[in-house]
Amino acid sequence: MLNSLFSSVISNGTVTGSSFLVCTLASLALGVLIAGIYWLTDKASKSFLLTLIILPAVIQMIIMLVNGNIGAGVAVAGAFSLVRFRSAPGNGKKISTIFLTMAVGLATGMGYILIAVFFAAVISLVSFLVSKFGPYSGDTERMLRITIPEDLDYEGVFEEVLHTYADRFELISVRTAGMGTLYKLEYRIYPRQNISSHEMIDRLRERNGNLEIFYGRPVTSETPEL
């Protein structure tokens, strides 16, 4: 009984109109589910959420078109190899979510609707629970950029302030500006709950000579180039 429930809706490798419609609707519905869970646990741009919604259906369509044809599979692989995606690298959660949508698309493309539903539901539930109740579940990543004069030794000068207002932080880049007269430090920080960002910035300004400070959400580019 259980084996029959998890069997493919595509019989004998032949895609019919009804099976195609069922698989496509299932792909889109599961894409909406995955995108919704991702949005609840980690706010994302509209373009990324749209990608999560349509990617299972796209993968499903490719699998159905290939359908055991080795020549078609090689042609599809060659076509995709011509596209180069040059964008900002995503974090582990984004990459794993994209792989989840691809796995769902592969399952629906082969007609295994219930397997895709079960797998997407379980992984999405685990992701939601870990994000809400796991270690560092309340973390919200922020980007902090501090401009300092060239004669200021930045090693250790801001750590005391950051330890006060952030659970974790990391200096990720240092670059020069203003013909070498300035340094720009970039930190990834995870601020404590209910901190005063105004107070934190005021304390940082006391140490950087009242030069420019940026504090906000990380800015990433999700637009691929061909």
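This is a predicted model: local features need pLDDT of at least 70, side-chain atom pairs count only at pLDDT 80 or more; totals for chains, interfaces and linings use all residues.
Residues are numbered from 1 along each chain as its sequence is written, and side-chain values use heavy atoms, with hydrogens and water left out.

**Overall layout**
- The chain has eight helices and four strands, taken as DSSP runs (helices H or I, at least four residues; strands E, at least two) numbered from the N terminus.
- Along the sequence their pattern is α-α-α-α-α-α-β-α-β-β-α-β.
- Of the 226 residues, 29% are buried (under 20% relative accessible area; exposed is over 50%, partly exposed in between; 1.4 Å probe, protein chains only).
- Among contacts (heavy atoms within 4.5 Å) with a separation of 6 or more, 74% link residues 24 or more positions apart.

**Nonpolar cores**
- A nonpolar core is a set of buried Ala, Val, Leu, Ile, Met, Phe, Trp, Tyr and Cys residues joined through side-chain atoms within 4.5 Å.
- The largest has 16 residues, and L144, I146, F158, Y187 and L204 have the most contacts inside it.
- Two or more residues each come from β1 (142–149), α7 (159–165), β3 (182–191) and α8 (197–205).
- Beyond its neighbours within four places in sequence, L204 contacts L144, I146, F158, V161 and I213.
- Another core, of seven residues, lies apart from it and includes L30, I34, A107 and A120.

**Strand β1 and its pairing**
- Six of the eight residues of β1 are buried.
- β1 and β3 run antiparallel, joined by eight bridges (pairing requires at least two DSSP bridges between two strands); I146 has L185 as its bridge partner in β3.
- β1 is also antiparallel to β4 (residues 213–216), with four bridges, and M143 has G216 as its bridge partner there.

**Surface patch**
- F118, F119, V122, I123, V126 and V130 form a nonpolar surface patch with about 510 Å² of accessible area together.
- Patch residues have over 30% relative accessible area and no salt bridge, and nonpolar side chains (Val, Leu, Ile, Met, Phe, Trp, Tyr) are joined within 5 Å, like charges within 9 Å; a salt bridge is a side-chain nitrogen of Lys or Arg within 4 Å of a carboxyl oxygen of Asp or Glu.
- F118 is found in helix α6 (residues 113–133) and counts as exposed because its relative accessibility is 54%.

Note on methods
Accessible areas come from the Shrake-Rupley method with a 1.4 Å probe; for residues, only the protein chains shown count as cover.
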